[in-house]
Amino acid sequence: MSARLPLVIVGAGPAGMAAAIEAARAGLASVILDESPAPGGQIYRQIPDTFAYIDRAAGGRELQRGNRLRAGLSAHSSLISVRSRSAVIGIAPGPVPAVQWASECRSGELAAEQLILATGAYDRPVPFPGWTLPGVMTAGGAQSFMKTFGIRPGKRAIVAGTGPLLLVVAAQLHKAGVEVRALLEAGRPRFSAGAALRALRHPGLLRDAASYLWQLRRARIPVLLNHTVFAATGSAELESVEYGPVDSRDWTPQREHASHIDADLLVVGFGFVPSSELATLAGCEMEYRHILGGWIPRRDMHMETNQPGIYAAGDGAGVGGALVAVEEGRLAGIRAAERAGKLSAGEAASRRAGPLRRLRALQGVRALLDEMSAPRAGLLELTSGDTVVCRCEEVTFASALGAVRAGAGDLQSVKLACRLGMGACQGRNCAPAMALQLAQLTGRPVEAMGRIQPRPPIKPISLGAMAHHEPAGSGEPR
């Protein structure tokens with residue numbers, strides 16, 4: 001490997017952008033690889049000015065935060081190279097990791113002296129009858145339709161799940177001209193004196209939440225607490241949604257009180273799962289943290305993993321939200337600059353004091369949100385025997401259950417028995433939910449269920465891109 005890049009960053013979301021900016025402030029050059037057309041990630045995705053339904057004054061605070069980070073990239077453009085439309089599909093571990101990438105028509109490897117993984121997260125799948133029908137999509141998918149393409153994803157919508165993102169998506173759908181017929185929140189926020197104090201430390205977050213709630217109330221959109229979707233029905237596409245109340249403690253569906261409502265769009269959002277596949281391939285030590293979304297790499301206070309010079313920041317290392325991701329990205333960028341000799345120990349300590357202080361302040365708010373909206377065991381009862389749990393291979397829950405009864409005791413053995421997780425998504429759509437189901441069936445901890453091990457390429461790649469392969473050391477992706 002002749003050409004080694006001083007710093008490669010995977011992901012141009014909040015954590016990746018913040019890391020690159022901090023590294024550049026210290027004089028360390030970096031290359032950012034991101035599969036989207038432009039920096040921002042999901043939360044700070046750039047929205048064309050022609051999309052008039054986006055409120056750039058209220059909900060636009062997210063856009064403003066994203067624009068500030070993009071301005072930081074531009075201000076340090078001599079040291080930061082952003083390579084958009086380049087997906088990282090694998091990492092070959094070693095003293096100098098080889099980052100394997102692919103674009104539409106090319107692929108290759110980059111030799112990285114240091115590596116920051118800022119891979120983000122994806123919507124947590126919760127299988128229920130009818131969840132594979134056209135017209136049922138995740139919160140992130142609905143946002144992509146609106147933010148990226150300016151497409152109204154439906155006419156009459158139900159929004160269901162848990163967490164503050166539901167408010168955002170429901171308000172965006174309404175702005176886009178969709179009739180939002182109800183928002184179903186499985187949880188029920190309860191504010192103690194201590195919780196209120198923690199929330200008051202971040203008035204900006206409270207203002208954001210109040211703004212979205214006011215938009216929903218003004219639009220007369222019902223917000224039903226301790227309610228969720230039971231099933232989606234339709235012959236060829238979504239036609240109606242069955243929903244109802246859940247037990248306030250564990251969210252067990254109370255089907256005897258079910259109701260039906262016509263809809264052609266069902267948006268579901270039950271939280272997120274860290275995209276930690278690359279950390280696994282890089283040889284990072286992993287641990288299971290349910291409250292943070294699932295399997296994540298172990299890190300120190302500098303965001304460095306057990307692999308020297310490899311860092312993990314943002315939701316890909318534990319779901320914490322955009323504000324947490326920015327501070328973690330800053331810490332990773334500062335540490336990378338220190339390791340590269342661009343900062344002295346004293347200078348690095350001074351620069352990381354602010355991010356560490358802000359992270360400590362955010363921990364209380366994140367704990368509050370997790371307490372209110374972390375998915376609970378009752379949601380597992382939404383899955384019936386004929387519910388498809390692996391969309392890629394069309395494996396039903398009954399088939400997976402049969403594998404367990406035949407002796408399969410973890411995800412890998414279930415995969416071998418019934419092909420669960422063998423499709424293009426490599427288990428992203430089935431493994432999180434099935435791990436919880438297996439744990440309940442076997443009475444063992446979720447972490448004992450293991451995971452479906454990722455294999456490169458972790459995302460589909462065309463034969464044409466494979467044919468035009470550039471070896472490590474041949475330069476940056478073009």
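Strand S5 (residues 87–92) pairs with S6 in the antiparallel sense, and the pairing runs over 5 bridges. The model described here is predicted. A hairpin of 5 residues joins S5 to S6.

On to the next strand: S6 and strand S7 (residues 107–112) run antiparallel and are joined by 5 bridges. Here too the link is a hairpin, and it goes from S6 to S7 through 4 residues. Ala98 stands opposite Ala111 in S7.

Is strand S6 (residues 98–102) mostly covered or mostly uncovered? S6 is mostly covered, with 5 of its 5 residues buried. Ala98, Gln100 and Ala102 point one way from the strand, while Val99 and Trp101 point the other way. Both groups are buried.

## The parallel sheet of five strands

An open sheet of 5 strands has parallel pairing and the order S4-S3-S2-S8-S21. Strand S4 (80–83) and strand S21 (310–312) are at the edges; each has a single partner strand, so one side of each is left without a neighbour in the sheet. On average, neighbouring strands of this sheet are turned by 20° against each other, direction ignored.

Strand S8 (residues 115–117) and S21 are paired in the parallel sense over 3 bridges. Leu117 has Ala312 in S21 as its bridge partner. Helix H8 (residues 322–339) lies across S8 and S21, and runs at about 170° to S21.

## Val10 in strand S2

Val10 is found in strand S2 (residues 8–10). Is Val10 buried or exposed? Its relative accessible area is 6%, and residues under 20% count as buried, so Val10 is buried.

Leaving out residues up to four places away in sequence, Val10 touches Leu33, Val88, Leu115, Ile116, Leu117, Ala118, Thr119 and Leu278. Val10 and Trp101 are 91 residues apart in sequence, while in space their C-alpha atoms are 9.9 Å apart.

## The antiparallel sheet of three strands

Another open sheet has 3 strands in the order S14-S15-S16, with antiparallel pairing. Which strands stand at its edges? They are strand S14 (227–233) and strand S16 (259–262); each has a single partner strand, so one side of each lacks a neighbour in the sheet. Neighbouring strands of this sheet are turned by 30° against each other on average, direction ignored.

S14 pairs with strand S15 (residues 240–245) over 6 bridges, in the antiparallel sense. Ala231 stands opposite Glu242 in S15.

## Helix H3 and its surroundings

In helix H3 (residues 139–149), the buried residues are Ala139, Gly140, Ala142, Gln143, Ser144, Met146 and Lys147. What do the buried residues of H3 pack against? Their partners are helix H2 (61–75), strand S9 (121–123), strand S10 (136–138), helix H4 (165–175) and strand S17 (265–269).

After H3 comes Gly150, which has a positive phi, near 65°.

## Ser276 in a loop

Ser276 lies in the loop between strand S18 (272–274) and helix H7 (277–281). With a relative accessible area of 1%, Ser276 is buried.

Which residues does Ser276 touch, not counting residues up to four places away in sequence? The contacts of Ser276 are Met286, Trp295, Pro297, Gly316 and Arg451.

## Helices H10 and H11

Two packed helices are described by the angle between their axes and the distance between the axes. For helix H10 (residues 397–405) and helix H11 (residues 411–418), the axes come within 9 Å and cross at roughly 115°. The crossing of H10 past H11 is right-handed.

Which residues of H10 and H11 meet? From H10 they are Ser399, Ala400, Ala403 and Val404, and from H11 they are Val414, Ala417 and Cys418. By class, this contact of H10 with H11 has 6 nonpolar residues, 1 polar residue and no charged residues.

Technical notes
Residues numbered from 1 in each chain as written. Predicted model: local features only at pLDDT ≥ 70, side-chain atom pairs only at ≥ 80, totals over all residues. Heavy atoms only, no water. Axes fitted to C-alpha atoms, helices over the stretch in contact; angles between N-to-C directions. Helix = DSSP H or I, 4+ residues; strand = E, 2+ residues; numbered from the N terminus. Left-handed = near helix turned anticlockwise from the far one by under 90°. Contact = heavy atoms within 4.5 Å. Nonpolar A, V, L, I, M, F, W, Y, C, P; charged D, E, K, R; others polar. Buried < 20%, exposed > 50% of the residue type's maximum accessible area, 1.4 Å probe, protein only. Pairing = 2+ DSSP bridges.
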